[in-house]
Structures are given as structure tokens and as C-alpha cells.
Amino acid sequence: MSVKSIGFFTRLLDDVPAGERYALAVEQIEKAESLGFNTAWVAQHHFHGDEGGLPALFPFLSYVAARTKRIRLGTGVVTLTMEDPIRVAEDAVVTDILSGGRLEVGFGSGGTPRSYEAFGHQFAQRHALMDRNLGVVKAAWKGESLPGRNHLWPDGQGLEQRSWQATFSAVGAQKAGEAGDGLMLSRTQPRPQGQGNASLADIQLPLVQTYLESLPAGAAPRIMASRSVFVADDRAQALDFARNGLVRQVEKFRASGHTIDDSSIDSLLRTFDVHLGTPEEVVRSLAADRTLEHATEVSIQVHSVDPPHSFILRSLELFATQVVPALGWGKPNGG
């Protein structure tokens, strides 16, 4: 496997009040930076704290920027279908300036369906909303004229070249490629009807191929593969955390289209595409993930295992110091 950029991803799901969630996430990002991780990604979720703890990405990332020096800061993702695109463009520019040009901006059309109503939209409109709003954001960043003969100030600082799109579909992968954006692949995906035994690579490699074929001539591919990774000193203890975390997710994932085999902890790990265990076990598991051969960045998250904070910090350390070198990905900081 080739040298890759290494990322840390969080949905801010620590089982504590919001203020503590934010403080713990900042500490986790600071730990990732100290270990040489290249990027920290944070997810956006509205209203439902058990799905994700951060509705406002840019204020949080601006705060993190003041606490860090080198690590790049990414939105994974802005749910652009429920946002004012000009405000997103403005907030991203200011955050990028405050971070010293460290911002990466990932966009998606997801979100909980019932959240759309609060923003005056319908979930069924999400693809059209995504296309329209992304076009507005990029036009603003490029300095194109906005309604009323307005232009974005400060200007876009080249942010359109650090834009990413998250998708589950070949259509979405094609759009990301044609736009020259980065492709963001999820840590797990629902298997199509009748393909319950398909691997995650079986689902995602066609998206990668479509994306690569759709890129403009000469454009360098940017493929970020998010993965659920929990590295521990003791596998038995890691499995205990996994049982608690994954069982809580079963009904929610079934409702969103996943076929869930919850007959054993091993079947749950396969269903949720979790790489878990000692460093040696995680190395073997990740080495078997064929999608990662094409990824330019691997971004790890502990969801949906969701162990306590101290174990997240230890997992980051074991991943950086033992898993990454063993896989031949090079040092996390690219050295």
C-alpha cells in the first residue's frame, strides 16, 4: 500500500453534555495533531444529539484552529441541502483565514429526513437542493457575481480546489469527479437487496472507478475513505465496548436500509464494517480492505463502537505508532 494522508473523524458522540463533548473532541484533535495526523474531520447534525453533536461546524473549527497549528480541518460534511449557500461560502472563507489556510470543505446531501422541515425543505428535494446550493457556493468562492451585483468578501482563497463531495451512489461519484472535487466514502453502506454478504469494497470500488473516469484530464484524484477503527491493547475489552455501542445502532441502521445480522458480535462487526482489535489485528483487517488501495486519505473514527474518551486517545496513539507504519502508509504526517 502507498503512503497516504491520515485523518481523524468525529461525530462528537461522547456520552456527556454538549460543552463536554466539544471539549473532549478538541482534546482528541489536539492528540491527533501531536501524533502527526494530517486532517481532523467533524460532522454536522441538526437537532438529534444521539446522531451527532455538532450543528454549527465553522464556529467549532475556528475554535479548534486557535488551539492547533498544523493539522488540516475538514467538514465531514456540511449538510448543504439545509443551509444558506452564501452564508456557507462566507463562513468557510473566514474559518479558512483564521486557520491559516487549513480548511477542507466536504459537502453532502444527507441528514435526517425529518430535519428538513425545520428549514422549509423536503427530503425528496435533497438532490436538486444539493446541486443548486453547491453551484452557488462555488460561484461565490470563484468571485462570480451574486444577486444584486454583489461579490464575496473576503474572496474564496481557492477553496473551490479544496472542495469534497460525500456520496453513496455512482451518480454522486460522477458529479464529484466531473467537478474535480474530492470523493468522500463512508465508513459503512447499506448493502443492496439480495447482496447482504457483499463487502464494503464490493459496494465502493464501482464508485471509485466512476469517479476516476469522470475526473477532468490532468486532475489529481482525491479519495478520502472513512473507516471505523478502534485499536486497543486488549481485544476482549474492545469487544465489550463494541457490543454496547453497536447494539445501540441496530434499529437505526435497519430503519435506514441496512440488513443487520446481530446474531453475534462478529456478525455485528462485519455488518458495521468495523476494524477492531490489537494493532496486529487491525493491520490485517485494513490490509484486506481493497478500497483503501485507491484512497489518498484514510480517516478513522471510533463510531459506532464509541468507547470512552481515554480509549479513543489510546486508539489514536496505537494507530499512529503501530498500525500506519506496519501498513506501509508512511508516517501520519507524511514524513
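Modeller: Buried here means under 20% relative accessible area, exposed over 50%, and partly exposed in between, with a 1.4 Å probe and protein chains only. The part I take is helix 2, residues 57–67, helices being DSSP runs of H or I of at least four residues, and strands runs of E of at least two, numbered from the N terminus. The model is predicted, so local features need pLDDT of at least 70 and side-chain atom pairs 80 or more, while totals for chains, interfaces and linings use all residues. Numbering starts from 1 along each chain as its sequence is written, and side-chain values use heavy atoms, without hydrogens and water.

The buried residues of helix 2 are Leu 57, Phe 58, Phe 60, Leu 61, Ser 62, Val 64 and Ala 65. They pack against helix 1, strand 2 (39–42), strand 3 (72–79), helix 3 and strand 4.

Take helix 3 (residues 85–98): its axis comes within 9 Å of the axis of helix 2, and the two cross at roughly 5°. That angle makes the pair roughly parallel (under 35 degrees; over 145 is roughly antiparallel, 65 to 115 roughly perpendicular, the rest oblique). On the helix 2 side, Phe 58, Leu 61, Ser 62 and Ala 65 make the contact (heavy atoms within 4.5 Å), and Val 88, Asp 91, Ala 92, Thr 95 and Leu 98 of helix 3 meet them. By class, this contact has six nonpolar residues, two polar and one charged. Phe 58, Leu 61, Ser 62 and Ala 65 also belong to the buried set.

Helix 1 (residues 18–34) is arranged otherwise: its axis lies 11 Å from that of helix 2, at an angle of about 45°. Helix 1 is therefore oblique to helix 2, and the crossing is right-handed. Here helix 2 contributes Phe 60, Tyr 63, Val 64 and Arg 67, which meet Tyr 22, Ala 25, Val 26, Ile 29 and Glu 30 of helix 1. The residues of this contact are seven nonpolar, no polar and two charged. Phe 60 and Val 64 are also buried.

The spacing in both lists follows from helix geometry in general: an α-helix has 3.6 residues a turn, so residues three or four places apart point the same way.

For scale, Phe 58 is 29 Å from Ala 170, C-alpha to C-alpha, and 112 residues away in sequence. Ala 170 is in helix 5 and is partly exposed, with a relative accessible area of 38%, whereas Phe 58 is buried.

Terms used
Axes are lines fitted to C-alpha atoms, for helices over the stretch in contact, and angles run from 0 to 180 degrees between N-to-C directions. Ala, Val, Leu, Ile, Met, Phe, Trp, Tyr, Cys and Pro count as nonpolar, Asp, Glu, Lys and Arg as charged, and the others, Gly among them, as polar. A crossing is left-handed if the near helix is turned anticlockwise from the far one by less than a right angle, and right-handed if clockwise.
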